[in-house]
Amino acid sequence: GNRMLYAYRAQAEYLIEEGALPEQIDRVIYDFGFPMGPCAMGDLAGLDVGYLIRQHRNKTLTTQARYSSTVADRIYEMGRFGQKNGKGWYQYQEGSRKPIADPEITSLIEAVSAEKGITRRDISDQEILERCIYAHINEGAKILEEGIATRPSDIDLVWVHGYGYPVGRGGPMFHADLIGVGKIYAAIKKLHEAHPDMPAPAPLLEELATTGKSFADLTK
């Protein structure tokens, strides 16, 4: 579950560097059916916790072409830990858990984009949805291919019961079948060509798409 979460969050943070803002990302994910978006979730869990986890993980990971959590690290370094001290990706009024967009974070994001030489652009809700949701479906396909999960439904159960995936969509792998594996494969391929930091389609996803099969066929 966490491995798929990292793939999803990485795209969200890339999108923030490229032109989106936390409130847009979170609105798109909330409208999709999650109880909250990734930035609001980070504030709830504690940005200090997320920072310490990243520091531990970075010791064991191979070098990435592009680090995804620069903004999140800077927010932590500003002493903004989320709901626990009233400021994180958002600001919070005393006694309230309602996230309020903060101009200070907007300025920080714009500064990080400039430092990285990224020209910010208008990003559509559709691109946010596809890059975030399809990225973690793609990671689920890799997990199945590696035998870490035996069945697609195992992944669906983890995400519905552990991560708040919209119950009505049945979980990421079930949802992929509803959309059509071929459609998702084509979209990921196109997104990868336009945005190299969007992972290429997983081999299993490509195999299912080119043979006209679905994830459900893996359990038959």
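Predicted model: local features only at pLDDT ≥ 70, side-chain atom pairs only at ≥ 80, totals over all residues.
H195 sits in the loop that links α10 (181-194) to α11 (203-211). Now show the surroundings of H195. Leaving out residues up to four places away in sequence, H195 touches E18, R121, E127 and R131. Draw a distance to E127: the two side chains make a polar contact at 3.4 Å.

Q11 belongs to helix α1 (residues 2-18). Is Q11 buried or exposed? Q11 is buried, with a relative accessible area of 2%. The side chains of Q11 and R131 make a polar contact of 3.1 Å. Beyond four places in sequence, Q11 touches R131, C132, A135, D197, M198 and P199.

Next, the nonpolar core. Select W89, L205 and F215. In the largest nonpolar core, which has 54 residues, these three touch the most other members. Colour helix α7 (residues 125-145) as well: α7 gives the most to this core, with nine residues. In soluble globular proteins, nonpolar side chains tend to be buried together.

Zoom in on W89. Setting aside neighbours within four places in sequence, W89 is in contact with E13, I16, P22, C39, D43, L47, V71, A72, I75, I105 and I109.

Select helix α2 (residues 22-32) and helix α3 (residues 38-45). Their axes come within 7 Å and cross at roughly 100°. An angle from 65 to 115 degrees counts as roughly perpendicular, so α2 and α3 are roughly perpendicular to each other. Which residues meet there? P22, I25, D26 and I29 in α2 meet P38, C39 and A40 in α3. By type, the contact divides into six nonpolar residues, no polar ones and one charged.

From A40, go to Q83. The two are 43 residues apart in sequence, and their C-alpha atoms are 9.1 Å apart in space. Q83 lies in the loop between α5 (70-77) and α6 (103-115). Q83 counts as partly exposed, at 23% relative accessibility. Apart from neighbours within four places in sequence, Q83 is in contact with D43, L44, Y92 and R97. Finish on R97: a polar contact of 2.5 Å joins its side chain to that of Q83.

Technical notes: Residues numbered from 1 in each chain as written. Heavy atoms only, no water. Core = buried A, V, L, I, M, F, W, Y, C linked by side-chain atoms within 4.5 Å. Buried < 20%, exposed > 50% of the residue type's maximum accessible area, 1.4 Å probe, protein only. Helix = DSSP H or I, 4+ residues; strand = E, 2+ residues; numbered from the N terminus. Contact = heavy atoms within 4.5 Å. Polar contact = N/O pair within 3.5 Å; in protein donor to acceptor, adjacent residues only side chain to side chain. Axes fitted to C-alpha atoms, helices over the stretch in contact; angles between N-to-C directions. Parallel < 35°, antiparallel > 145°, perpendicular 65-115°, else oblique. Nonpolar A, V, L, I, M, F, W, Y, C, P; charged D, E, K, R; others polar.
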